[in-house]
Each structure stands twice: as structure tokens, then as C-alpha cells.
Amino acid sequence: MESSKHFHTLYILALMAIAISVFSCDNPRIFDDYEAIAQDGWERNKVLTFNVPKMQHTGTYQQWVQLRAYQKYPFQTVTLIVEQTVFPQKQVYRDTIDCHIINKEGRLEGKNGISCTEVVAHLRTLQLQQGDSLTISIRHDMRRELLPGISDVGIRIEEGVRSKE
């Protein structure tokens, strides 16, 4: 009788494990990386570079620029120049992104922490082939040579619709 209960418990646990694995969602995020900015500020000529490994699937990919900023950031927005090269075709895309950091009331935008915020801005949607890789470069396009108040800048890429391979 005791072994029957033990078997029944194992059977239910096995069914639960199978159900969880079948119904769990795949994480579409294929790349999520940040580069830290020096504490004294982001130098105007400092280019941040992200090397995205080869795509595992042909499909549509959504891209976002992410940045973390502090209340001491001196402007409402930051303008970023983003340049991407898709390999092996060497196709180049260039975008200018305005990220809103401080609202008109002087409060941080985005996902607020106690003294900092995380701002996410859509970059672009790309159709990529299996085996394509990316190099993404980001720099700020503000008048100041040293831009204080930004601690990290990142790139996030998520897989959308997969094409038939």
C-alpha cells in the first residue's frame, strides 16, 4: 500500500513537470547587454560597441536601446546615434534616437528606482537570416564633451516571428 502511494505521488509529479515544460513560454530575448559609463560622465567621442553573435534562426528581430540614468542628468532627453552593421552582407543601418529621461516636472521617466531610472526606446525591427551577426555602435550626440548622469547603455534584441527554414 505504501509503495502504491509513492508511485502515485511520483506519477503526479512527472505529469506536472511535463505540463510545465509544455506550457512554459520561450524567452524571445536573444541578446541583452549593457556597457558601463565612467562615473565622471560619458565622453562625446566614446563609442560603445556591442557584438551580437550569429542568429540561430531566420526571422524578425525587435531591437531596443536601454539606458540607466540618475536624477543629476542635466537635460530632459539624450540624443543617441546608433549604427549597426549586419554581417556577412555588411549592410549598415544608422538611426538617431531621442530618449526621454527627465519629464517637464523634473521627475525621472522610465522604470524608476530610488535615485535612478531605466529608459527603453525602440530602435528598429530587422529581418535577419540564420547565421547573420551584428555589430552595434552607440554614441551620444549632445553638445557637452562630458555628459554626466548616465551610468549604463545597453542593447536588447528579441526574436519575433520565425521564418520557415
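I take buried to mean under 20% relative accessible area, exposed over 50%, and partly exposed in between (1.4 Å probe, protein chains only).

I am working on a predicted model, where local features need pLDDT of at least 70, side-chain atom pairs count only at pLDDT 80 or more, and totals for chains, interfaces and linings use all residues. Residues are numbered from 1 along each chain as its sequence is written, and side-chain values use heavy atoms, with hydrogens and water left out.

Entry on the count. I searched for salt bridges, taken as a side-chain nitrogen of Lys or Arg within 4 Å of a carboxyl oxygen of Asp or Glu. The search gave 7 salt bridges.

Entry on Arg-156. I looked up this residue and found it buried, at a relative accessible area of 12%. Its side chain meets that of Glu-158 in a salt bridge, 3.3 Å from N to O. Glu-158 is also buried, at 18%. I then noted that salt bridges with shared partners join Arg-156, Glu-158, Arg-29 and Asp-32 into one network.

Entry on Arg-29. Arg-29 is partly exposed at 37% relative accessible area, and Asp-32 is partly exposed at 34%.

Entry on Arg-124. I found a salt bridge between the side chains of Arg-124 and Asp-95, 3.0 Å from N to O. The pair links distant parts of the chain, 29 residues apart: Arg-124 lies in strand β8 (residues 116-128) and Asp-95 in strand β6 (residues 91-100). Strands here are DSSP runs of E, at least two residues, numbered from the N terminus. I recorded Asp-95 as buried, with a relative accessible area of 13%.

Methods: Helices (H or I, at least four residues) and strands (E, at least two) are DSSP runs, numbered from the N terminus.
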